[in-house]
Amino acid sequence: MTSGKAAGLMSVLVVAALLTGIWQLRSTDAIPGAGVVPATAEASNAQDPMLDARTVGDPAAPVTVYEVSDFQCPFCRQFWEQTLPALKQEYIATGQVRLIFINLPLAALHPNAPAAHEFAMCSARQGLFWPVHDLLFETQDEWKGLDNLVPFFMSLADSAGVDRRVLGQCLTTGAMRPVVQADLMMAARGGINSTPTFVIEGAALSGAAPIEDWRPVLDSIIAEKTGR
């Protein structure tokens with residue numbers, strides 16, 4: 001699969017056919033009732049020039065993982081803090097897995113999430129998505145209840161080396177809003193309405209599972225793909 005196939009993958013999820021019995025629905029934040037935040041028609045037609053900027057790992061890796069996440073979701077932060085470091089060390093750094101971040105701000109539950117995702121994507125324009133990604137999760141408890149997010153996000157931008165002037169223009173014009181909205185629409189088409197959800201070779205895996213649960217799943221897919 002290539003990054004250009006992201007929309008296709010997300011729309012043909014094999015949710016029920018999980019690879020092992022260990023992947024049960026775990027603690028997640030889910031939108032109350034049915035459906036996700038609706039995306040606009042303009043967003044659905046928007047192309048995503050920023051996919052590479054929110055991708056980490058070898059483009060030729062045998063396995064691509066799509067992380068559908070919300071920066072204000074505590075379980076997404078749990079994955080970032082407890083599972084992602086080992087996933088990076090064992091699978092991403094070794095060229096076996098490529099990780100692509102997909103925006104799913106659950107505005108009904110997390111009113112500050114949409115602004116955080118726009119901030120991250122505007123930072124991605126400057127090649128600084130991942131430093132901002134880490135800072136947003138690290139400081140989640142500090143910004144999740146703020147009424148005025150701009151000063152705090154600007155301080156994070158300074159820490160990450162993001163150009164304030166360029167960032168301010170991006171946020172003011174809403175330049176990255178269609179990209180975030182397009183991700184929302186992809187998630188809706190794929191039936192994803194909770195975070196974190198991970199899409200691995202067509203199977204949707206929900207929740208902040210520990211690395212011990214990831215290993216047998218990834219190892220079996222890698223073995224099948226590589227013949228090793």
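# Report on a predicted protein model

Among contacts in the protein (heavy atoms within 4.5 Å) between residues at least 6 apart in sequence, 83% join residues at least 24 apart. The structure is a predicted model, in which local features need pLDDT of at least 70 and side-chain atom pairs count only at pLDDT 80 or more, while totals for chains, interfaces and linings use all residues. Residues are numbered from 1 along each chain as its sequence is written, and side-chain values use heavy atoms, with hydrogens and water left out.

The protein contains 10 helices and seven strands. Helices (H or I, at least four residues) and strands (E, at least two) are DSSP runs, numbered from the N terminus. Of its 228 residues, 50% count as buried; buried means under 20% relative accessible area, exposed over 50%, and partly exposed in between, with a 1.4 Å probe and protein chains only.

Five strands form an open sheet with mixed pairing, in the order β2-β4-β3-β6-β7. Two strands pair if DSSP finds at least two bridges between them. The edge strands, each of which pairs on one side only, are β2 (55-56) and β7 (203-206). Strand β2 runs antiparallel to strand β4 (residues 97-103), and two bridges join them. Valine 56 stands opposite leucine 99 in β4.

Helix α5 packs on the sheet and touches β2, β3 (63-69) and β4; its direction makes about 65 degrees with that of β4. For such angles, axes are lines fitted to C-alpha atoms, for helices over the stretch in contact, and angles run from 0 to 180 degrees between N-to-C directions. Seven of the 10 residues of α5 are buried, so this helix is largely enclosed by the rest of the structure. The buried residues of α5 are Phe129, Trp130, Val132, His133, Leu135, Leu136 and Phe137.

Strand β3 contains serine 69, which is buried with a relative accessible area of 0%. Not counting residues up to four places away in sequence, serine 69 touches Cys76, Phe101, Ile102, Asn103, Leu104, Pro105, His117, Phe137 and Thr195.

Phenylalanine 129 lies in helix α5. Leaving aside neighbours within four places in sequence, phenylalanine 129 is in contact with Ala53, Arg54, Phe71, Phe101, Ala120, Met121, Ser123 and Ala124. Phenylalanine 129 and threonine 55 are 74 residues apart in sequence, yet their C-alpha atoms are 9.1 Å apart in space.

**Aromatic pairs**

A pair of aromatic rings is described by the distance of the centres and the angle of the planes. Rings of Phe, Tyr and Trp (its six-membered ring) pair if their centres lie within 6.5 Å; planes under 30 degrees apart count as stacked, over 60 as edge-to-face and the rest as tilted. The structure holds 11 aromatic pairs. Two of these pairs are set out below.

| Pair | Centre to centre | Angle of planes | Kind |
|---|---|---|---|
| Tryptophan 80 and phenylalanine 137 | 6.0 Å | 25 degrees | stacked |
| Phenylalanine 129 and tryptophan 130 | 4.9 Å | 85 degrees | edge-to-face |

Tryptophan 80 lies in helix α3 and phenylalanine 137 in helix α5 (residues 129-138), so their pair ties together parts that are 57 residues apart in sequence. Tryptophan 80 counts as buried at 16% relative accessibility, and phenylalanine 137 at 0%. In the other pair, phenylalanine 129 counts as buried at 0% and tryptophan 130 at 14%. Phe71, Trp80, Phe101, Phe129, Trp130 and Phe137 form one aromatic cluster.

**Nonpolar cores**

A nonpolar core is a set of buried Ala, Val, Leu, Ile, Met, Phe, Trp, Tyr and Cys residues joined through side-chain atoms within 4.5 Å. The largest has 54 residues, and those with the most contacts inside it are Val65, Phe71, Leu87, Leu136, Phe153, Trp214 and Leu218. Helix α3 (residues 74-92) gives the most to this core, with eight residues. Another core, of 12 residues, lies apart from it and includes Val68, Ile102, Leu106 and Leu184.

**Helix α9**

Helix α9 (residues 177-189) has 13 residues and reaches 18 Å from its first C-alpha to its last, close to the 18 Å expected at 1.5 Å a residue. The expected span is 1.5 Å times one less than the number of residues. Buried in α9 are Val179, Val180, Gln181, Ala182, Asp183, Leu184, Met186 and Ala187. Just after α9, glycine 191 takes a positive phi of about 75 degrees.
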